[in-house]
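Work through the exercises below with the sequence and the model in view, and try each task before reading its solution.

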Amino acid sequence: MKNQQTLTIDGNQAAATVAHKLNEVIAIYPITPSSTMGEWADEWSSRGQVNLWGTVPQVIEMQSEAGAAGAIHGALQAGSMATTFTASQGLLLMLPNMYKIAGELTPTVFHIAARSLACQGLSIFGDHSDVMSARMTGFGMLCSNSPQEVMDFALIAHAATLEGRIPLMHFFDGFRTSHEVAKIAMLDDDVMLAMINEEWVAAHRNRALTPDRPMLRGTAQNPDVYFQARESVNAYYQAMPGIVQRAMDGFAKLTGRSYRLFEYVGSPEAERVIVMMGSGAEAVEETLDYLNRQGESVGLLKVRLYRPFDAASLLAALPATCRKIGVLDRTKEPGADGEPLYKDVLGAVAQDFSSGESKFSVMPKVVGGRYGLSSKEFTPGMIKAIYDELKQAQPKNNFTIGIHDDVTHSSLDWDASYRTDAHADTFQAMFYGLGSDGTVSANKNTIKIIGEATDLHAQGYFVYDSKKSGAITVSHLRFGPKPIRSTYLIGENDADFIGCHQTIFLERYDMLANAAENAVFLLNSPEPVERVWASLPARMQQQMIDKKIRFYVIDGYEVAEKSGMGKRINTIMQTCFFAISGVLPQEKALADIKHAVEKTYGKKGHHIVELNFKAIDETLASLHSVPLPTAVSSQFDIQSRISDAAPDFIKRVTGEIIAGRGDALPVSAMPVDGTFPTGTAAYEKRNLALEIPVWETDLCTQCGKCVMVCPHSVIRSKIYPIEVLANAPATFKHAPMLGKDFPAGLEITYQVAPEDCTGCTLCVDMCPIRDKSNASRKAINMQPQPPLRETERDNWDFFLSIPEYDRRLLKTNTIKGSMVLQPLFEFSGACVGCGETPYIKLASQLFGDRMVVANATGCSSIYGGNLPTTPWTKNPEGRGPAWSNSLFEDNAEFGLGMRIALDKQNEYARELLSALREPLGGELVDAILNADQSDEAGIYEQRERVAALKRHLQFLNNQSAQTLLQLADNLCKKSVWIIGGDGWAYDIGFGGLDHVLASGRNVNILVLDTEVYSNTGGQTSKATPLGAVAKFSAGGKATAKKDLALLAMDYSNVYVAHVAYAGKDTQTLNAFLEAEAHDGPSIIIAYAPCIAHGVDLSNNHRQQNLAVKSGHWPLFRFDPGKIKQGKNPMHLDSPEPSIPYRDFVKTETRFSMLWQTHPEDAERFLEQAQQDVKNRYHYYKQLSELEWNESTSVSAVKAQLKSESAKETDNG
Amino acid sequence: MVDLTTEYIGLKLANPLVPSASPLSHDTDSARRLEDAGASALVMYSLFEEKIEAEEHQMERFFYQQSIGHNESVSFHPMPDNIQTYQEQYLEHLQQLKSALAIPVIASLNGTSLSGWVEYGKQLQQAGADALELNIYHVAANAEESGDAVEQRYLDILQELKGQVSVPIVMKLSSQFSSPIHFAKRLEVAGADGIALFNRFYQPDIDLETLEVVPKLELSSSAEALLRIRWTALLYGRTKLSLAVTGGFHQTPDVLKALLAGADVVHLCSVLLKHGVGRLAEILLELEQWLLEHEYDSVNQLKGSVSQQHAIDPSAYERANYVQVLDSYSSPAGVLR
């Protein structure tokens, strides 16, 4: 056994390292938290990194996890060693193939970052719900508890599956293990070679399907033989545990790290034993060690190999003294009388005891409990509570730990302040940063520095926000001489160091609650040393005095500015940490930071290295120790971000989640079926913007464009009679309403929500008006927010109190008119400058009061539906979009189901209405049945009629009338919107989308096309353009973007629009109106610039314009309604490409980086793309110029069309 | 036969026609065509400090600082480790040009500040650059910065570069110095081998539709040549620096005048971009013919023969003729004055 190299990496990287070494085919698909395993594999292969046999594994991204599993199944059948990575719903999509793979005894290992399943709500966090849902597939299940075990078990699993032929799920806890950064011993090639027997590999290859030795696998079997065939595998399952243990033993010889199928730790004479698997076991081991030293006698059985379940090994591992067993499951099986592991353990113990040959003198009591769902914290206090419960004569069964169940009283109480002595020698630090300020990457660097420069063990875990703009990150770092088993966050009074990298957190978070006595508090603040104390809230001052905090302050932004780092403070704050934490000697720490900077930027960023060095050198001079006063002097305190006027649920539940106290909410506070009120984002005032737009009444022409482009609906317009102003605050701005469509005496106001604005500047960018005497002044300009906050808050409140203008009086086919409509999608957590949300907002303005939304999983479902607060809201009448997210893959079908249900209910209501003609009166019935609801007035009148109908129905005492009363609202128009990104529409959901388009039903499909999987971090989709670099296309995407619009047009009865709102806002507006008016399927494919394009989103509009002008994104509308009028349905809204395609691509990093990595390919792709856009435009142009009649279809005329190059050839 | 050779910053050149930094050196084929057309040396397209920094910032922003702090996406781009930076591409291209051409290749550095990019000189030399042209593209827009400070900036950068390389260095100057001859002498003392007169700034233009100020690149015109010719004539004989002229040399007469004023080489750019590489061969032929017709033996004989020192009326190069020229201008008929 030689010295093993250590690296500081996370669990996913550990798994991917082994998987990439031991496979030839890797099929991938992004899903949190497993995505990075695929990303690593793809990156290594694209760099030409070889596997153990010296060849570069083929990595292929599929259209879904079902596709990935299918591809793996095929690759395995063809004799390759193949693997995949997944989690959660992704694993569920693989189930059918997993049965096949296991049924055919095909060796493979799937690496799973185990995650919750979407039930009452989606969760991206960790538990065992997914793997437990796959336990019946026939795959073996091997669970690792820490990043080190992930690496080790990945290899053990691969070795065992090749020998034993049973495929394995190698799983570990999502986030807690997949994303925990830890210092681990790496496995070198020699160890892997020693573990993998070439004979097993050869045997696998010999079983491959090949025409050289033809055979047939996968027959359809009849009742006569299926059963026997199913039983034929038993011997393999019986042998597998022994094979896995042998692999573990062999591994131990090679590395010194020894594992057992069931590993017992704790007192050899323990009476009380916990049985569990996953990362939580580490915390239990840490706790029991302390408890046993305190005189208790408890134990823990870690389950490594869960399937095939080897009861004999389990029983052998339990001490004979064991009397009480608490089995912990990190999953829930509603309706069962216990979770899977509990049932298995109970069954094993009971069978053993009933055999009469048990080593137990009395049958141990076995109880089951649930813990840690969706990464819920699992702490020593909870663990002690479980051991304490096991002391009871009749311990509670089916208990829960970690929540307060005040409904069915399943939960155990625990002492949150209970601590072990595990951290006596451990340094624990927490850092609060903004998502974009580099705090996390600096901390990852810090861990690497300490991990690699010292013998200390290191652990890093990062807690992120659910918002994408202004997101807070909290980093939890531990360093210590002993292995760190604390698989839980740093808790109250524990942290030796707290770093606050943004002053905005002072008024929001109780950061010092976690500070230990004598802890260091480092604050990045622009306040000078003598005034910084006064800038702290009273509670914080008190905590500092009570806990004798050592207080340091630095103006990181000033140092950054002075040293040329702009607004990048990460290196500066990291330097401060090393300077004052004492984890490393200061000199050495600074040298190590510099070394790390050089390693990061290397020769590629000489200038940046210099700037960083300068910043590091200047940091110490600017870091000040602040003596603590003896008394609290502050007059302000941390404030709730929810106003007192908020409804009870918002205050009681939402407010608590926002405040970070969601863990303390009892079960009774939760809606039982996942239903939440809308309009909650309005209550959370995030105050993110340093500058907000200010309206200039003297310049404004009231065009409404600023409202149109605002991604967060923070700038609004309202028209109202001048009398309304009687109660207006003095600073409330207004101007006489301009335009012949409006009577005299009306005023208009453009008002900004100062505390909701994210400061993206897009409204100012879009404003077309400039001051004649000062070109830099527009009709709307950015100004610092703090001095405006109070007055504009009052103005905003007043603005909201003004009644909405009558929708019937507005010309909604103009930007000016439509932008007076109230948005029913507001203040989302989308990125600053998001390119998607203006489209959603527009739909909500035009149709929100009658909208039902089916939202595919992705960015739009996260900023649209992630707790604590959500942006969909309602109008003063209480109407607004009803929203739901089913899954990623099924969204089109989900929306279609809604449509069919609404249509059916409408049909039934009409039937009932007709049947009730007599008591209701023919006039009302006919008016309702024949209502024209094609415009706002028609819809308004129908709602009035239906209201009258409902009043009548209340007095009709028959079943039909009462049924109609329930269904009557369905007589009013309902608009179904199916919304999702390109990953859904082009890839995973395309089959369903295609079916829905073909259905002919009246649904509106909005594809927010960012040309990558944005939510999971920019992976390639079939919408990714030729030559764009994205994850899984590191060498530039080699194939062209799929023309989804053209495919949709093939159906002829589908309304298709291709829009970019900043390219032509009226075209976008018209497309939405026409799509809604079209009585059939409509699809709007909307161009949405995204940070994944490698461009600052303050340039969002410029990028849209370049995309349109270069021909990358032609604007057009295909309206099948025109065919019936004998007109051509295709209308091109953008002129021929007027700028070279190069001018577009050179402005976006996703394209331009290819010139730096693969310059020849970049040129070739560019040339091809240039030809493609010309051809495409030409094709559409011809399409738009053809003569049409009702029998013509796009596919019918395709043959007549020629590409631009063909035309050129024709022309000689 | 006329001897067309000239010596420039210690390099023996076959003739005085040297294409200046332009896109024509972007690909080896067009560089080879320039050589075939008779170019006696080639100034490579410029390595811009601004572009180096922009690339570094882009990498910083979109690779190293990708995170927005969201659980599901800690990054949005793959982190390439095989990035060939702009500088590396420049170096590689320099090597390609060197192996493709027999004529000297002068690398061009373009920047304004004293920072890491100057260190790049050493690698350019290692890659085979026969000389370096340093184009300090500084617009003195800072009211706090004195003329002295502007000059010192040039000198500092020159000295920094001198510390890196042993090949000759040409300073490409702006025309906006208070006392160009004095400054040229300072550059000489600081170790420069030659100066090129003058660089041409992109001129910001106002877009009348958007009212935005946008950079505009206009190709030079012959009219600009006279400014260069004047200062060449004034410098000739007063400095040991090699003299190059650049900007506005389109016709053979422009070239001849520059040589008469004292230039060692004449840089051609816009004329080749406008009319193609072949124009160089035509000018060279016309130059040779003119010399033959006017019975000159060599370019060296011609060089500086109408410099201020040797001019029939030395004062004509100085301010006096300004008044004369203005007075000589009369409006076309029909234009009210």
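**Exercise 1.** How many helices and strands does the secondary structure of chain A come to?

*Solution.* Chain A has 44 helices and 39 strands, where helices (H or I, at least four residues) and strands (E, at least two) are DSSP runs numbered from the N terminus. This is a predicted model, in which local features need pLDDT of at least 70 and side-chain atom pairs count only at pLDDT 80 or more, while totals for chains, interfaces and linings use all residues. Residues are numbered from 1 along each chain as its sequence is written, chains are lettered from A in the order in which they are written, and side-chain values use heavy atoms, with hydrogens and water left out.

**Exercise 2.** State what share of the residues of chain A is buried.

*Solution.* Of its 1212 residues, 60% count as buried, that is, under 20% relative accessible area with a 1.4 Å probe, protein chains only.

**Exercise 3.** Describe how chain A meets chain B, beginning with the contacts.

*Solution.* Begin with the residues: 56 of chain A are in contact with 39 of chain B, contact being heavy atoms within 4.5 Å. Next, look for salt bridges (a side-chain nitrogen of Lys or Arg within 4 Å of a carboxyl oxygen of Asp or Glu), of which the interface has 2. Arg568(A) and Glu60(B) form a salt bridge through their side chains, at 2.7 Å from N to O. Finally, turn to the elements on the side of chain A that touches chain B: α20 (586-601), α21 (606-622) and α41 (1149-1157) of chain A each give two or more residues, and the largest share, 7 residues, comes from α41(A).

Notes:
Buried < 20%, exposed > 50% of the residue type's maximum accessible area, 1.4 Å probe, protein only.
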